[in-house]
Amino acid sequence: MRHITILITFFSTILPLFAQLNPHQRLREALALEKRGQFDSAINMTKLVIDSKELNGVELGRAYIMLGSSYRVEGKLSEAQDAFERSILILEREPEQKGDYASALEDYGGFYSDMGQLQVAATLWQKALYLRQQIGDHA
């Protein structure tokens, strides 16, 4: 019962603040949480932004990259894979955003590398490298 009271207090405090921020501010906050190692909080914040339906196109693709990265660190592999696949589906349709698409491919490649599927990872990384070369980005 005590946990329920704590959760109610937390959500009644945080949700009004959350609603005041625009989706970009919320994603920046999720990224800050991720950088502080608070991956579960970053996941929750990113999911709320995605579920708000306030993002589209490149922004939504970037949010899914963030979500996939946090899931990956947390060991939630099926969720990470789903998020990375969604980011790729979105970003491959944005030809002017090849850098973001390359980032999604690189992160997804890292996911497969972690899984020991190095051939799949190498294919994704090669495609990302090709995209980066096309735009003159040698990151």
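Which helices cover the buried residues of H6? Helix H4 (57-74), H5 and helix H7 (118-134) are among them.

This is a predicted model, where local features need pLDDT of at least 70, side-chain atom pairs count only at pLDDT 80 or more, and totals for chains, interfaces and linings use all residues. Residues are numbered from 1 along each chain as its sequence is written, and side-chain values use heavy atoms, with hydrogens and water left out.

Colour by pLDDT (the predictor's confidence in each residue, from 0 to 100). The chain averages 87, and 83% of the residues score at least 70. Confidence is lowest in helix H1 (residues 2-20), at a mean of 51, and highest in helix H5 (residues 77-91), at 97. Where pLDDT is low, the predicted coordinates should not be read in detail.

Select H6, residues 98-114. Helices are DSSP runs (H or I, at least four residues), numbered from the N terminus. Its buried residues (under 20% relative accessible area, 1.4 Å probe, protein chains only) include Tyr 101, Leu 105, Tyr 108 and Phe 111. Just after H6, Gly 116 takes a positive phi of about 85°.

Next, H4. Buried here are, among others, Leu 60, Tyr 64, Leu 67 and Tyr 71. Their cover includes H2, helix H3 (39-51), H5 and H6.

Finish at Glu 34, in helix H2 (residues 23-35). Glu 34 is buried without a salt bridge (a side-chain nitrogen of Lys or Arg within 4 Å of a carboxyl oxygen of Asp or Glu). The nearest side chain of opposite charge, Lys 35, is 7.6 Å away. Leaving aside neighbours within four places in sequence, Glu 34 has contacts (heavy atoms within 4.5 Å) with Phe 39, Ala 42, Met 66, Ser 69 and Ser 70.

Methods:
Helix = DSSP H or I, 4+ residues; strand = E, 2+ residues; numbered from the N terminus. Buried < 20%, exposed > 50% of the residue type's maximum accessible area, 1.4 Å probe, protein only. Lys, Arg positive; Asp, Glu negative; His and termini not counted. Expected span 1.5 Å × (residues − 1).
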